[in-house]
Amino acid sequence: MGDRGTTNHSEVTDFILVGFRVRPELHILLFLIFLLVYAMVLLGNAGMVAIIMTDPRLNTPMYFFLGNLSFVDLFYSSVIAPKALINFWSESKSISFAGCVTQFFLFALFIVTEGFLLAAMAYDRFIAICNPLLYSVQMSTRLCSQLVAGSYFCGCISSVLQTSMTFTLSFCASRTIDHFYCDTRPLQRLSCSDIFINKMVSFSLASVITLPIIMVIIVSYLYIVSTVLKTRSSEGRKKAFSTCSSHLGVVSVLYGAVFFMYLTPDRFPELSKVASLCYTLVTPMLNPLIYSLRNKDVKEALKKLLEKKNTIL
């Protein structure tokens, strides 16, 4: 190990984020794309939170979860995007060791929290469609608060474990992270330590987190589809499928990008970056669009809010 010119992680003061390996003339285009997408993330998710908080008609479990989802999307994209935008114009492209740890921790916290929130939303739709008469009783304010708090708690525990495992590694002389943010795999490539155990623990942790989430979503939707197909009212079927398709669209985009990134071989880092871009910025941008465009209540609430602002002006 010594012949690799290693340094202990405690001696590393900063890292260099390579970002996308493109021609310099394309940096301006990428910067503008990042800026536009991030602006839409901020506008869409902040707008969704504002609509849900101000409209009494949206004071239901489904919108309580959706509001928290928008909050999480807003913050985990903000952990990544500002630094990536600055690095387009920075010559050093550096991030401090503490900054890298903070970015890694917060992103891991919010991305895991989002997964559990999506599972909670699937369970909420299962109760609403399969047991509508007991919905208000089973999906009480207390249970909804517990599900959201549990999502953040699981995200926090997972993030603490992932961060401590990653940043207790010893890093080589190279400080160059071949990515646009601090992520597990690029950091592991810089390690001088034996990362086999680290990889096994990371895989086990990811499995413990991901499998229950996916199982809850799949089982919930199997029951939902079965119930909807038995519904005689075509209007009822249309409404149920419209609500559920929005949620399934969000789940598919998020987990499709995550699986693609982690299944991409290390020899194709640029593909991994594109997949990362999908769930760090594209998914948070699409979520409010998917839910607002396919949701009558949200569209009416947005229209009411805009009319109210025009009246004030």
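Mentor: A residue is called buried when its relative accessible area is under 20%, exposed when it is over 50%, and partly exposed in between (1.4 Å probe, protein chains only). This is a predicted model, in which local features need pLDDT of at least 70, side-chain atom pairs count only at pLDDT 80 or more, and totals for chains, interfaces and linings use all residues. Residues are numbered from 1 along each chain as its sequence is written, and side-chain values use heavy atoms, with hydrogens and water left out.

Trainee: What makes Ser158 count as buried or exposed?

Mentor: Its relative accessibility is 3%, so Ser158 counts as buried. Ser158 is in helix 5; helices (H or I, at least four residues) and strands (E, at least two) are DSSP runs, numbered from the N terminus. Leaving aside residues up to four places away in sequence, Ser158 touches Val112, Leu205 and Ile209, where a contact means heavy atoms within 4.5 Å. Ser158 and Ser202 are 44 residues apart in sequence, and their C-alpha atoms are 9.9 Å apart in space.

Trainee: Why is Cys278 put in another class, and which one?

Mentor: Cys278 has 29% relative accessibility, so it counts as partly exposed. Lys93, by contrast, has a relative accessible area of 18%, and is therefore buried. Lys93 lies in the loop between helix 2 and strand 3. Its phi is near 55°, a positive value in a residue other than glycine.

Trainee: How do you know that Cys100 and Cys182 form a disulfide?

Mentor: A disulfide is a pair of cysteine sulfur atoms within 2.5 Å. The S to S distance of Cys100 and Cys182 is 2.0 Å, and the structure holds one disulfide. The pair links distant parts of the chain, 82 residues apart: Cys100 is in helix 3 (residues 97–130), and Cys182 is in the loop between strand 5 and helix 6 (184–189). Both Cys100 and Cys182 are buried.

Trainee: What is the handedness of this disulfide, and why?

Mentor: The torsion about the S-S bond of Cys100 and Cys182 is about -130°, so the disulfide is left-handed.

Trainee: How do you know whether the span of helix 1 agrees with its number of residues?

Mentor: The expected span is 1.5 Å times one less than the number of residues. For the 28 residues of helix 1 that gives 40 Å, and the end C-alpha atoms are 40 Å apart, so the two agree. Helix 2 (residues 61–87) has 27 residues and reaches 40 Å from its first C-alpha to its last, close to the expected 39 Å.

Trainee: Where does helix 2 bend, and by how much?

Mentor: Helix 2 bends by about 35° at Ser78, with Pro82 following within four residues. The bend at a residue is the angle between axes fitted to the seven residues ending there and the seven starting there.

Trainee: Why is helix 2 called largely enclosed by the rest of the structure?

Mentor: Of its 27 residues, 20 are buried, so helix 2 is largely enclosed. In helix 1 the buried residues include Leu30, Phe34 and Tyr38.

Trainee: What makes a group of residues a nonpolar core?

Mentor: It is a set of buried Ala, Val, Leu, Ile, Met, Phe, Trp, Tyr and Cys residues joined through side-chain atoms within 4.5 Å. The largest such core has 68 residues, of which Leu66, Phe107, Leu118, Leu254 and Tyr279 touch the most other members. Helix 3 gives the most to this core, with 15 residues. Tyr279 has among its contacts Tyr76, Phe107, Tyr181 and Leu254. A second, separate core of 15 residues includes Phe97, Phe167, Leu169 and Ile177.

Trainee: How do you know which strands are at the edge of the sheet?

Mentor: Two strands pair if DSSP finds at least two bridges between them. The open sheet of three strands has the order 3-2-5, with mixed pairing. Strand 3 and strand 5 each pair on one side only, and they are the edge strands.

Trainee: Which residues of strand 2 are on its covered face?

Mentor: Phe15 and Leu17 are on the covered face, while Asp14 and Ile16 are on the uncovered one. In a regular strand the side chains alternate between the two faces of the sheet.
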